[in-house]
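Subject: Structure handover

Hi,

Here is the structure for your next look. My notes follow below it.

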Amino acid sequence: MAKVSKKKASKKKTRSGGAEQSNEGHPDVVYDDEKEEDATDEDITVEDEDEHDERKRQKLLEAIGTLSGKRKKTLGERSEAAVHMSEFTVNAEGEGDKVDLSDLIGSIEKTPGLSGKSKKRLKNLEQSRKTIECPLSKQESERIRRDLAFQKVSKEVSHWKSVIRQNERAEQLVFPLNQEPSGPKPIERVVMGWKAQTPLEQEVFTLLSANKQPINDPILTPTEEASMKAMSLEEAKVRRAELQKARALQSYYEAKARRQKKIKSKKYHKVLNKAKSKDFQKQFDEMVKRDPAAALEELNKMEMARMQERMSLKHQNSSKWARSKAIMAKYDEGARKAIQQQLEVNKDLTQKLVTSLNKEEEETMEEDGNADVVPDFVNDAEQGLDFSNPWMTGKLSQDCVEKETSNAVTIRAEENVAEEEEVEETEEEVLLREFDSRRKRRQAQEADAAVILTEEEEEENKDASDKEEEELSEFTSLFKGIAEGCGEADTAAELEKELKIRCLEDEELLTQDKEAEEEEEATDKGPVVPQHPPATENGQKTGKSRKRRKGIELKQVLTKGAQVLQVPFAPTIEDAEDSEGKLDQRGLIKEAFAGDDIISDFLKEKRKQEDAGKPKVVDLTLPGWGEWGGGGLQPSCRKRKKFRRKMTPPPPRKDQHLPGVIISEKRSSSIRLHQVNALPFPFESPSVFENTIRSALGRTWNTERTVKKVTKPKVVTKLGAIIEPMTREELVKDKNRASAGSSSSVKS
Amino acid sequence: ITKYVIVTSSNLPLFAPILQPPARYWQELQEEERKDENKVKNDAEQSKEAQQQEEDETQKAKKRKQDQSPSDGEKKSDPFPGPAPIPEDRLQKFKRKDKLKKVTLVFHLISLFLRDIIARSEDASEMAQKQAARFDLLLPEEAGFLEGDEDEDTCMISQEDIAEAVDITSGAKYFNLKLSQFGPYRLDYSKTGRHLLLGGRRGHVACIDWTSKQLMCEINVMESVNDVKWLHSEAMYAVAQKKWLYIYDSNGIELHCIRKFNDVLRMQFLPYHFLLATASATSFLQYLDVSVGKEVAAICTKTGRLDVMCQNPHNAIIHLGHANGTVTLWSPNQKEALVKMLCHQGGVRSVAVDKTGTYMVTSGMDKKLKVYDIRAFKPLKSYFLPAGAACLSLSQRGLLSAATGDVVQVYKDVCSMPVTKPYMAHRLRGTVWGLHFCPFEDVLGVGHGDGFTSMLVPGAGEPNFDGLDANPYRSAKQRQEWEVKALMEKIQPDLISLDPTELAQVDQATWEQRHQDRVEVLGFDPLAKEKFVPKYKKKGRSSAGAIERRKKQVAHEEQRDVIRKSVEDKVKMEKERKERERKKAALSTQKSALDRFKK
């Protein structure tokens, strides 16, 4: 409601503003109007009753107006000046002018109550032309406030992030939190955790604690302990004397140091320094033996000092003093000396004495015999040198140089005839080396070649023999097949062999075996055969593969030699009781001609299946399009070739290496409906998911404990317990736990 | 040892108080905890050399202390610390697939969340495996075997000798039923091995509690009987008669005559799917769901008379043998054979698959006995039997029985080792017609022309039975309970496939393929749009031209919709692209901190 009323008010304002503008155009007219209004004013005041009626009428009109549906402009009661109404308004003077600051401040001069200071300030304000930036709009300021509030709150909430993550990752959550574990507790815990509960107990305990009496382990009271700790008088005296002495000594020492510091003699300082350094050396040596760690620290300090010296220009000749001395040096012996001295100092300071010390240290370490105690990085500077890297050794390696020289020499040798002896020698060496390497290379090559050659020969031989064997076996088998009619059971092994071979070279065999069939096939697959040029075209490759396959097959045949079983008793009744004599006869006939058509039938079927699985070539040629068409006219060869779409070959069949097996490639749709077809949330690879569900969950396959573990619910709540939101204390505890966990993980 | 004590106490004042025996054991606990904390801290400060040395010393000292403590006699150490070890082979037995290799798991690419899940599942499966291996201890029985004297063949030992040598109850398991009147018998043992069903060719059907030799029922169906089979329990059985398939209860009352199943020659019952698979003379392979009495699938195999049949207990695939020497594998979900293998030169006479679904044994007209690895479809062994084998049966422990004429031979380890001699042999009075090993018993039932013989074959049956699955000693109440549970755990026929673990694989087919499958299963396309059929209007407004116009209008509207949508999409894409470009431009105009190095 409030908003609506506000809006109305603003509308009114705008409307009145518009009125003002229009007023500006004809001020005098308005004036006249107002005058008239003034005149009428009196009448109205007189005729109060009439006015009331007027209002009522207005309202009525308004009501009627709203009835018609179109809203009329409501002319409310006026408080400001406008064109259309003049009855009750007051005309503002200077209407349309902008209000100036001076207008507002102008009256200040006259007011006596104001202090001079504020007046001055106001004046300054008047003089300054700067306008204050208008305040941000309400929306913007609110947005900023909201942003800030959001940031604050999100920061606060993000404290809980780790807890949430932990809970998400937890295997099981038990609510309410902080439940005490059920089950019997050890009695000691109970006793230790005991607290005073009854008022009497509490009073007793307050008394005890107020008097500093021991509560748990009554051995000594704190006061007793304090008294035990207290010293005797003599001891105290001795201690005081000691302290006094120490203080005196310290003051003497300080005084001495101050005095020494004031001494300006250079010679004295030199001597002092020398003594100090000597002393230090001695100490250091001792330290190396006694406390290598401290020695190392000392070393480090020295190193640091050296570094600083090298970095600074303190003892270089670039300081102001040094430059002035340099200018003077030409003429003044003393200045020259001074500069030299300074440079010497610099040299001394920047000299690397670490190495020698290090060596010393190592030696001492070895002497000590506990080499394993020596910290590793003591040796780093010396032993960490990488010999392969010439920059690390500090000098270029000898070999490099030698090579370079030799190279240069060879080049020169080509150019010049006259040479020095040394050079000659090197050249000879180079040549020798070259020869040697060449010889070696040649030998290796020869050996390789020999190996390859022999292998190849062997392979060839093998191949040839294989081929021969193959052919022979084919012939023999065929011959036998023709001669004996494949009736006897003794030839079973050969028949099997034949089966294998046929599987491999079925096409050829079939052509030899049964021409009629082949012809049939040819007629059947007339259009197909040229489209899939069979293996015979690129003979070598297929031949090789065939050989390889044949090897495998033969092996299989070898392992599959039928073993004759010995039976203790021969069957007396040979299926004589079979009531179906006909069937038996048929069986006998089948037995007699077994293996003849069975195998070829099977192979045919297999081939058929394979062909069915292959994608067909799609022919998109439109006859008569772009050329002559009609009866007996074939589209051109080029066109047919162009519009024939070859499909991508299917994945290899599952039974491609199993000659005696046909495995159906049809997708079984029934089980697919029950399989998972979209990986659940955190998983990204199917293999991982499959692995996680690899073990069964049910009671049929698992022990009871496993089932319980596997089917543990994610959230457990206690019946009837109130689950309260987590408190801040929980957060702190969790943090501690998390840190402990991380440290443990680091440990492990 | 005392030296060590001195060393530790002098060098390490920090741990000196621990050497004294604490007053309370929990105090010691606390101390140890503190120690651990110390250790952690020390570990954290590994950078400092000196501290590490100290740490080493402390650890050494700890070790020393540990060494020394048992000798002091304060604690008795466990001679076998940790959980009992599990033999590797037993663990291997319960292994399910390999663990994920670390190589495939590129850990830094996997989210923490997933890592947790993987670790947890690994844990669970490892625990399952270990626990199962551990509980294998609870299978106390061992399989028996027959061992001959020196230079005595086990195959020469007669059944009478064995029956005399063994205890009375076992000896009573060798018996003959002389039923010469109703001709060669087929037989079937129930899943628990307690009940025997006999079906004589000339119509005699009998069920017997064979251990107690109690006759449950005996009827003559007055028709030729081709095959008999127990259903899921001993309360019902199916009989394939001359024309139809009948179902009787254990009292011999005819429950159903199923006319949909005609000329059935052989039957197999898939116990976990409650499916009765039948092979008929009309070359139909049919599946009957016995829990709801519905025909699940009827497949025309187009291979002639089907009189050789067996099931693969591992994956519930039906194997059929054919006269052209092939063995085909079938599931109810596919109208064509899953696999077709050429096994024999002549017709196939019998097929058997072992319990684990690893080996298939076939015998053919070419008098050969072949062993195949049915997982890879590769031949393993080939034997030549002088007379060929008419019937084959594999026992639970992998013994093979083969019947040639009137002789039954039992072979041991046919699949794994080359065999030259049978393990046992027995001559019967008539030609063998049916052959079956009894589950959980060392008994081979042989149905022949002159009745039935129950043979003793030591080492044939599984010595340990699963009481929840097939309990030979269950009561009627237990049987009822089992029945309910089994029905609830019934596996749907949809899930029968060559690889039983296929269900746990992720289907990576495309959406189109899946939709196609769905259409195939449902028989219609659920997402297909309805075809517009114009309403009939009167007053000559349904003239052919008007109808055509209306149709065209609708089609036009649809096309417009499509076009509108595509245009909207295009506009949207364009907008998005522009937005992206704008952002890119804004980014590129932004100055980076490295710009100062650019020239």
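Start with Tyr248(B). Neighbours within four places in sequence aside, Tyr248(B) is in contact (heavy atoms within 4.5 Å) with Ile219(B), Val221(B), Ala235(B), Met236(B), Tyr237(B), Val239(B), Gln241(B), Ile253(B), Glu254(B) and Leu255(B). Tyr237(B) sits 11 residues from Tyr248(B) in sequence, and their C-alpha atoms are 5.5 Å apart. Tyr248(B) belongs to strand β8 (residues 244-249) of chain B. Helices (H or I, at least four residues) and strands (E, at least two) are DSSP runs, numbered from the N terminus. Tyr248(B) counts as buried because its relative accessibility is 5%. The classes are buried under 20% relative accessible area, exposed over 50% and partly exposed in between (1.4 Å probe, protein chains only).

Ground rules: this is a predicted model, where local features need pLDDT of at least 70 and side-chain atom pairs count only at pLDDT 80 or more, while totals for chains, interfaces and linings use all residues. Residues are numbered from 1 along each chain as its sequence is written, chains are lettered from A and ligands numbered from 1 in the order in which they are written, and side-chain values use heavy atoms, without hydrogens and water.

Now the salt bridges (a side-chain nitrogen of Lys or Arg within 4 Å of a carboxyl oxygen of Asp or Glu). The count over all chains is 34.

- Arg694(A) pairs with Glu122(B) at 3.5 Å, N to O. Arg694(A) lies in the loop between α29 (686-692) and α30 (704-710) of chain A and Glu122(B) in helix α6 (residues 112-135) of chain B, so the pair joins two chains. Both residues are buried.
- Glu295(B) pairs with Lys260(B) at 3.6 Å, N to O. Glu295(B) is in strand β13 (residues 294-300) and Lys260(B) in strand β9 (residues 254-262), both of chain B, so the bridge ties together parts 35 residues apart in sequence. Glu295(B) is partly exposed at 25%; Lys260(B) is exposed at 54%.
- Arg169(A), Asp116(B) and Arg120(B) form one network through salt bridges that share partners.
- Arg57(A) bridges to Glu54(A), with the closest N and O atoms 3.7 Å apart. Both lie in helix α3 (residues 48-67) of chain A, three residues apart, about one turn of the helix.

Last, chain A as a whole. Chain A has 31 helices and six strands. Of its 748 residues, 17% are buried. Contacts between residues 24 or more positions apart make up 59% of those with a separation of 6 or more.

Best wishes
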